[in-house]
Amino acid sequence: MPGGTRRHKKPFEYALDANWPYAVMDDFRAAQIIQAVARALAEAMERQQVSANVLAARAGVNRQVIANILAGTTWSDAFTLGCLEAELGVMLWPQHLDWPKDDNGVVQQPIPPQAGLGTN
């Protein structure tokens, strides 16, 4: 299976706290990317005031798949993300090669300020 045993866990299970999609993540890049996708999708839906049902119908994507992406319970595929990006008119896939490095040279996902969605 692609991804080896790491794919057996759901993306949100790589979060080090319970604040998905704004959680601090461990250093597994694939999970960090999926978290960034979930965050971008949630924020785009909020900005455009579109529900998962409406987005699903417009993008030709199953509503449950959208819910799973938002919850971090699935590894998003390119087809689904392409359909969602086209319908929303925004890029969901992060520019992860440009993420900053920590003091040890390890690339870290930047966590944006929690304004609006995801606030406590």
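**Entry 1: I66.** I looked up what I66 touches in this predicted model, leaving aside its neighbours within four places in sequence: the partners are L41, M45, A52, L55, A56, V61 and L84. Contact here means heavy atoms within 4.5 Å. I66 sits in helix α3. Helices are DSSP runs of H or I with at least four residues, strands are runs of E with at least two, and both are numbered from the N terminus. Buried or exposed? I66 counts as buried because its relative accessibility is 0%. The cut-offs are under 20% relative accessible area for buried, over 50% for exposed and partly exposed in between, with a 1.4 Å probe and protein chains only. I also checked I66 against N53: they are 13 residues apart along the chain, and their C-alpha atoms are separated by 8.8 Å.

**Entry 2: ground rules.** I noted that residues are numbered from 1 along each chain as its sequence is written, and that side-chain values use heavy atoms, with hydrogens and water left out. As the model is predicted, local features need pLDDT of at least 70 and side-chain atom pairs count only at pLDDT 80 or more, while totals for chains, interfaces and linings use all residues.

**Entry 3: the whole chain.** I found four helices and zero strands, running α-α-α-α from the N terminus on. Of the 120 residues in the chain, 38% are buried. Taking contacts between residues at least 6 apart in sequence, 54% join residues at least 24 apart. The accessible surface is about 6,900 Å², and carbon and sulfur atoms own 53% of it. That area comes from the Shrake-Rupley method with a 1.4 Å probe.

**Entry 4: the two ends of α3.** Helix α3 covers residues 63-71, and at its start a side-chain oxygen of N62 comes within 2.6 Å of the backbone nitrogen of Q64. Just after α3, I found G72 with a positive phi of about 75°.

**Entry 5: α3 against α4.** How do the axes of α3 and α4 cross? They come within 12 Å and cross at roughly 95°, with α4 covering residues 78-88. So α3 is roughly perpendicular to α4. The axes are lines fitted to C-alpha atoms, for helices over the stretch in contact, and angles run from 0 to 180 degrees between N-to-C directions. Roughly perpendicular is 65 to 115 degrees, under 35 is roughly parallel, over 145 is roughly antiparallel and the rest is oblique. I listed V65, I66 and I69 from α3 meeting T80, L81 and L84 from α4. By class, that contact has five nonpolar residues, one polar and no charged. Nonpolar covers Ala, Val, Leu, Ile, Met, Phe, Trp, Tyr, Cys and Pro, charged covers Asp, Glu, Lys and Arg, and the others, Gly among them, are polar.

**Entry 6: α2 against α4.** The axes of α2 and α4 come within 9 Å and cross at roughly 100°. That makes α2 roughly perpendicular to α4. Here L55, R58 and A59 in α2 meet C83, L84, E87 and L88 in α4. I noted the classes as five nonpolar, no polar and two charged residues.

Entry 7: Most residues other than glycine have a negative phi, and most peptide bonds are trans. Which residue has a positive phi although it is not a glycine? Q49 does, at about 50°. Q49 lies in the loop between α1 and α2 (52-59), and counts as exposed because its relative accessibility is 74%. I also found a cis peptide bond joining W20 and P21, with omega about 0°. P21 belongs to the segment before α1 (29-48).

Notes
Polar contact = N/O pair within 3.5 Å; in protein donor to acceptor, adjacent residues only side chain to side chain.
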